[in-house]
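These are my notebook entries on one structure, written as I looked things up one after another.

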Amino acid sequence: MLTLIVGRGKTGKTTRLLELVRDSTASGMASRILIVPEQLSHQTERALSALCGDSISYLAEVLSFTRLFSRVCSVSGGGARLTLDQGGRMLTARLALQSVQSRLKVFAAAAGRTEFLEKMVSMIDEFKSYGVTPDQLRAAAEATESYFSQKLSELSWILGAYDTVTAQGAGDPRDRLTRLKRMLLEGDYAQGRQFFVDGFTDFTAQELGVLDALLRRSGHLTVTLPVDPDNRRDPLFAPGEETAARLIQMAAAAGVSVEMEQAAFQRQLPLALTYLEKQLFV
């Protein structure tokens with residue numbers, strides 16, 4: 001089941017999620033995994049222990065997406081593969097550019113400059129974060145014309161060459177979550193585990209891919225999202241609304257049922273702060 005815990009800020013979404021972790025310990029499932037942003041991991045571990053007691057560490061583990069990748073690698077293998085640092089990524093981008101340089105027109109003059117390599121690596125980051133592939137860039141190029149079509153074609157060649165180089169040697173760190181999704185779908189790590197996700201307003205395409213794999217292989221996913229069901233038009237909560245809709249679509253495609261729970265304010269907030277939050281984007 002996909003469980004969405006939604007509500008405005010300070011409504012107790014995290015506390016409710018931790019309560020569900022505590023209550024799930026009676027289910028007999030092997031373990032519970034909490035996925036949070038890296039900067040919230042220590043805070044979440046303390047809150048979990050305070051609510052559930054120190055023994056909860058035997059039954060639940062707090063991880064970020066990156067640490068989940070390392071954990072799955074430790075079980076399924078693949079963690080020993082070398083990963084490029086920033087300097088290695090620059091050199092790999094240069095090698096990829098050299099392999100397609102004779103075909104370049106738009107980027108021909110800039111291809112040898114260090115500044116262009118830095119921009120190229122940054123663009124590759126964006127492509128990988130949003131799940132853009134060389135095939136998608138080629139398809140976009142075919143759907144456009146003139147200069148923009150040529151530019152998209154050249155980007156597809158460069159990204160394809162970069163992926164080819166990294167596939168033959170050290171991997172790109174931005175491919176970790178793509179590899180994590182594949183390992184989750186092909187392995188049995190997620191089976192028998194229950195997953196909880198907290199602290200995110202939205203997710204990248206790669207992170208959504210991981211959540212999709214967890215839904216398909218585990219079937220037990222709980223996510224907190226900043227959404228105000230009583231005020232659907234508030235732009236402050238638009239990212240949360242869009243993310244909730246996307247997760248519901250993923251659950252339907254995976255054949256997983258959906259339950260939505262609205263968190264309620266646990267304590268009275270200062271009136272001035274409540275007014276500011278509700279009127280900020282009006």
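Entry 1, strand 1. In this predicted model I followed the side chains of strand 1 and found that Leu 2, Leu 4 and Val 6 point one way, while Thr 3, Ile 5 and Gly 7 point the other way, and that all of them are buried. I noted beside this that in a regular strand the side chains alternate between the two faces of the sheet. Strand 1 covers residues 2-7, and because 6 of its 6 residues are buried, I wrote that it is largely enclosed by the rest of the structure.

Entry 2, the partners of strand 1. I then asked myself which strands run beside strand 1. Strand 5 (residues 221-226) is joined to strand 1 by 6 bridges, and the two run parallel; in this pair I found Val 6 opposite Leu 225. Strand 6 also pairs with strand 1 in the parallel sense, over 5 bridges, and here Leu 4 stands opposite Met 260.

Entry 4, strand 2 and its neighbours. Strand 2 (residues 31-35) runs parallel to strand 3 (residues 60-63), and 4 bridges join them; Arg 32 is the residue I found opposite Ala 60 of strand 3. To get from strand 2 to strand 3, the chain passes through helix 2 (residues 41-52), and I recorded this β-α-β crossover as right-handed. Strand 2 also pairs with strand 4 (residues 193-197) in the parallel sense, over 5 bridges, and the bridge partner of Ser 31 in strand 4 is Arg 193.

For helix 4 (residues 86-100) and helix 5 (residues 114-129) I noted a packing angle of about 100 degrees, with the axes 9 Å apart. I therefore described helix 4 as roughly perpendicular to helix 5, the range for that word being 65 to 115 degrees. The residues of helix 4 that make the contact include Arg 89, Met 90 and Leu 97, and those of helix 5 include Phe 116, Glu 118 and Val 121. Sorted by class, this contact has 7 nonpolar, 2 polar and 4 charged residues.

Ser 146 belongs to helix 7 (residues 146-168), and its phi is near 60 degrees, a positive value in a residue other than glycine. I marked this because most residues other than glycine have a negative phi. Is Ser 146 buried or exposed? With a relative accessible area of 65%, Ser 146 is exposed, as the cut-off for that word is over 50%. Ser 149 is found in helix 7 as well, but at 15% relative accessibility Ser 149 counts as buried. Leaving aside residues up to four places away in sequence, I found that Ser 149 touches Ala 141 and Thr 144.

Conventions
Residues are numbered from 1 along each chain as its sequence is written. This is a predicted model: local features need pLDDT of at least 70, side-chain atom pairs count only at pLDDT 80 or more; totals for chains, interfaces and linings use all residues. Side-chain values use heavy atoms; hydrogens and water are left out. Axes are lines fitted to C-alpha atoms, for helices over the stretch in contact, and angles run from 0 to 180 degrees between N-to-C directions. Angles under 35 degrees count as roughly parallel, over 145 as roughly antiparallel, 65 to 115 as roughly perpendicular and the rest as oblique. Contact means heavy atoms within 4.5 Å. Ala, Val, Leu, Ile, Met, Phe, Trp, Tyr, Cys and Pro count as nonpolar, Asp, Glu, Lys and Arg as charged, and the others, Gly among them, as polar. Buried means under 20% relative accessible area, exposed over 50%, partly exposed in between (1.4 Å probe, protein chains only). Two strands pair if DSSP finds at least two bridges between them. A crossover is right-handed if, with the strands pointing away from the viewer, the path from the first strand over the helix to the second runs clockwise.
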